[in-house]
Amino acid sequence: MTAAQTPGFPLGAWLSDLDDKALIRLLELRPDLSQPPPGTIAALAARATSRQSVKAATDSLDFLKLAVLDALLVLHADTHAVPVSEVRKLLGERVGAGDVMAALDDLRERALVWGDTAVRVAPEVASGLPWFVGQATEEVSDRSADEIAGLLGELDDAQNDLLARLLEGSPMGRTRDAAPDTPPDRPVPRLLEAGLLRRIDAETVILPRIIGQVMRGEAPGPTELTAPVLQTSSTTPADVNAAAAGAAIDLLREIDLIIETLGITPVPELRNGGLGVRDVKRLAKTTGIDEPRLGLLLELAAGAGLIAAGMPEPDPGDGTGPYWAPTVAADRFVESPTATRWQLLASTWLDLPARPALIGSRGPDNKPFAALSDSLYSTAAPLDRRLLLSVLADLAPGSGVDSAEAARAMVWRRPRWAVRLQPATVGGLLAEAHALGMVGRGAISTPARGILAGDPDVDVLAAMAKALPKPLDHFLLQADLTVIVPGPLERELAEHLAEVATVESAGAAMVYRISEASIRRALDAGRTASELHTLFEKHSKTPVPQGLTYLIDDVARRHGQLRVGMATSFLRCEDPALLAQAVASPGADRLELRLLAPTVAVSQAPIADMLTALREAGFAPAAEDSTGAVVDIRARGARVVAPTRRRVYRPPTAPTAQTLGAIVAVLRKVASGPFASVRLDPAMAITQLQEAAINQTSVVIGYVDPAGVATQRVVSPINVRGGQLTAFDPAAGRVREFAIHRVTSVVSADN
């Protein structure tokens with residue numbers, strides 16, 4: 001009979017009987033067991049049954065697998081082997097036998113369960129359940145949250161106080177009123193009758209899991225042992241991709257706007273990090289982006305390295321700082337193809353270690369969460385996003401769900417994460433996914449599916465390029481001097497239009513407004529009236545309004561009559577009367593203009609100050625270089641040379657198959673070599689002593705006292721906690737404590 005067939009056989013012996021492929025699979029599923037590599041099979045078994053490792057292993061289990069573990073603990077599989085048939089019998093008709101066997105096979109692969117026809121679990125598995133033992137197996141309820149809330153609303157103060165105490169502390173309580181013959185008018189019998197408490201025995205009651213969830217304001221569940229069937233919406237994959245592409249275009253346009261705005265006016269960082277509430281409101285007003293969305297975009301830009309806190313160049317010069325400003329990488333980003341820019345932001349969001357949805361809300365300390373602050377940091381956020389996309393990816397192409405349905409599926413897949421996977425939180429994640437173009441109309445987009453699956457970059461870029469609408473080479477001019485752009489423009493055309501017009505309405509179809517100020521801005525940048533006429537005549541699908549032609553000619557005729565140069569600066573004009581008017585204008589006195597000739601005046605004011613003052617006085621000056629050509633002297637924007645350090649989430653890297661194969665090979669060699677039992681691993685000692693405490697058996701321990709004296713003692717373990725063994729020592733006739741790290745060997749006293 002093999003170890004796998006022997007009822008009650010310890011985990012170490014069961015692992016020894018596994019082949020190398022099964023051991024490698026175990027280390028793949030539970031990477032913490034290989035870091036650092038265990039010295040022996042026994043040490044591997046001890047580590048696999050430790051509380052910390054068990055909790056990590058149960059973190060990725062769905063509700064069915066956790067319910068199977070719950071059933072095994074109810075059947076006391078932590079103390080003796082339990083026939084698999086008993087597990088199926090306990091779970092009854094709630095789930096098929098095939099599903100139970102598949103769950104057991106998965107749990108065996110993870111070494112959370114071992115054995116064949118009769119199986120065992122480690123005692124520490126109870127700590128990996130997100131509920132008390134039996135609450136998933138023995139509590140079955142089909143009552144809705146509204147029904148439970150209605151019952152809770154009818155309780156008196158005594159009943160409410162009793163439930164509140166169980167909710168705040170342990171859900172299990174001891175009371176004599178749990179006995180069946182207790183007068184029915186007392187609080188406990190009334191709560192038992194209403195199903196708001198469950199009787200364990202004549203002196204013990206427990207607050208049902210579903211009742212506790214409703215009292216905490218959580219969505220109740222899961223209760224079904226089979227994966228929930230979701231209510232989905234349906235559309236075509238092409239429609240999903242089109243909606244996602246539209247969201248991506250809006251996202252990139254707004255990221256560009258943030259980069260431009262912060263380049264013009266860097267925002268000072270708070271002393272404790274992040275941006276102040278007033279600065280965010282000011283930035284939202286300047287960009288026209290609402291604050292919740294602005295918070296998400298700022299986090300994305302920072303995560304992608306497009307903005308950072310530092311001392312920008314040029315220095316704002318007010319002596320404060322650091323400032324949030326664009327990085328030098330932002331310039332390369334702006335010039336990159338649309339699909340490449342989207343992929344950078346989408347990948348950044350997927351692994352973004354922050355929860356932007358919290359910005360503006362208040363934390364437990366009643367302080368608001370600041371944008372770009374460390375208070376938003378969360379290593380769980382990337383896990384939740386991937387889980388959401390996995391749920392969507394498992395649906396048929398084009399099928400989508402709302403936040404409530406997505407939350408229901410996510411909680412079933414990861415019950416241990418239930419507290420943070422409530423509909424409101426999942427709704428925030430879903431909204432972010434829509435904003436990123438990862439999701440369209442509630443369904444995952446094709447490019448997002450590729451990123452989630454780890455497809456090559458070239459395939460992801462091709463999928464997004466296919467989804468994006470073809471750039472337009474035209475727009476529609478209106479008689480009221482507005483320009484309607486029915487889709488994304490070619491990059492060069494978009495830049496030219498942005499020079500001569502101002503965005504009035506953003507969206508799928510953008511609206512620009514042409515004005516005297518916008519035309520003058522284009523002329524300031526070096527454009528000529530002829531170039532502007534050509535731009536509109538060539539690219540407008542509608543006739544060019546006559547009013548626009550007159551406006552361009554009128555602004556161009558007045559533009560540049562006054563010329564500003566270096567003296568520090570000079571002012572030149574072919575019309576002596578106009579120059580005299582400019583020198584005598586209000587506000588020009590601060591420029592200290594001095595006439596050198598009827599057509600030339602000089603000043604010690606910088607060129608930029610000269611241009612600003614004359615424009616405020618109602619003139620339309622232009623800057624010129626040494627050859628007399630009009631030049632654009634607008635500031636190019638502040639840049640942070642090197643981004644400062646921010647906490648970045650890096651998913652743990654799994655050991656390679658070659659590494660795991662080498663670890664297993666060493667375990668096999670040690671197990672069969674002369675050094676198989678040279679050293680006792682502390683984790684192995686804990687496991688053996690816990691087994692003895694559970695089975696109430698005596699053991700012989702090798703022990704080295706603080707003086708370095710080695711002895712052997714027969715003890716009866718009581719419990720193992722905090723690195724200490726509490727045991728009864730018959731030789732001393734009393735209970736004593738032993739440091740686990742000083743235990744050198746553990747052998748059954750019956751051997």
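**Exercise 1: a tryptophan and its partners**

W131 is buried, with 8% relative accessible area (buried means under 20%, exposed over 50% and partly exposed in between, with a 1.4 Å probe and protein chains only). The model is predicted, so that local features need pLDDT of at least 70 and side-chain atom pairs count only at pLDDT 80 or more, while totals for chains, interfaces and linings use all residues. Residues are numbered from 1 along each chain as its sequence is written, and side-chain values use heavy atoms, leaving out hydrogens and water.

Task: find the aromatic partner of W131 and state which parts of the chain the two rings link.

Solution. Begin with the search of the whole structure, which finds three aromatic pairs (ring centres of Phe, Tyr or Trp, the last by its six-membered ring, within 6.5 Å; planes under 30 degrees apart are stacked, over 60 edge-to-face, the rest tilted). One of them joins W131 to F63 in an edge-to-face arrangement, with 5.6 Å between the centres and 70° between the planes. Finally, look for a charge: the charged end of R209 sits over the ring of W131, 5.0 Å from its centre (NZ of Lys or CZ of Arg within 6 Å of the ring centre and within 35 degrees of the ring normal). Elsewhere, R341 lies over the face of F333, at 4.8 Å from the ring centre.

**Exercise 2: an aromatic pair between strands**

Task: which strands hold Y703 and F738, and how many residues apart are they?

Solution. Start from the geometry, where Y703 and F738 form an edge-to-face aromatic pair at 5.2 Å centre to centre, with 80° between the planes. Y703 is in strand β23 (residues 699–704) and F738 in strand β26 (residues 734–739), which places them 35 residues apart in a pair that links distant parts of the chain. As for accessibility, Y703 is buried at 8% relative accessible area, and F738 is buried at 1%.

**Exercise 3: helix packing**

Task: decide whether α24 and α25 are roughly parallel or antiparallel, and name the residues that meet.

Solution. First take the angle: helix α24 (residues 529–539) and helix α25 (residues 546–558) pack at about 160°, their axes 10 Å apart (axes are lines fitted to C-alpha atoms, for helices over the stretch in contact, with angles from 0 to 180 degrees between N-to-C directions). The two helices are therefore roughly antiparallel to each other (under 35 degrees is roughly parallel, over 145 roughly antiparallel, 65 to 115 roughly perpendicular, the rest oblique). From α24, A529, L532, H533 and F536 meet L548, T549, I552, D553 and A556 of α25 (contact is heavy atoms within 4.5 Å).

Solution. On the α16 side L345, T348 and W349 take part, meeting L296, L300 and G303 of α14. For helix α21 (residues 457–467), the angle with α16 is about 115° and the axes are 9 Å apart. That contact is made by A339, T340, W342 and Q343 of α16, together with D457, V460, L461, M464 and A465 of α21.

**Exercise 4: single residues**

Task: are D279, P364 and S698 buried, partly exposed or exposed?

Solution. D279, found in helix α13 (residues 277–287), counts as buried at 17% relative accessibility, and it touches V267 and P268 when residues up to four places away in sequence are not counted. P364 lies in the loop between α16 (338–350) and α17 (380–393), and with a relative accessible area of 90% P364 is exposed. S698, in the loop between α29 (682–695) and β23, counts as partly exposed at 27%. With residues up to four places away again not counted, S698 touches V714, V715, S716, S748 and A749.

Methods. Helices (H or I, at least four residues) and strands (E, at least two) are DSSP runs, numbered from the N terminus.
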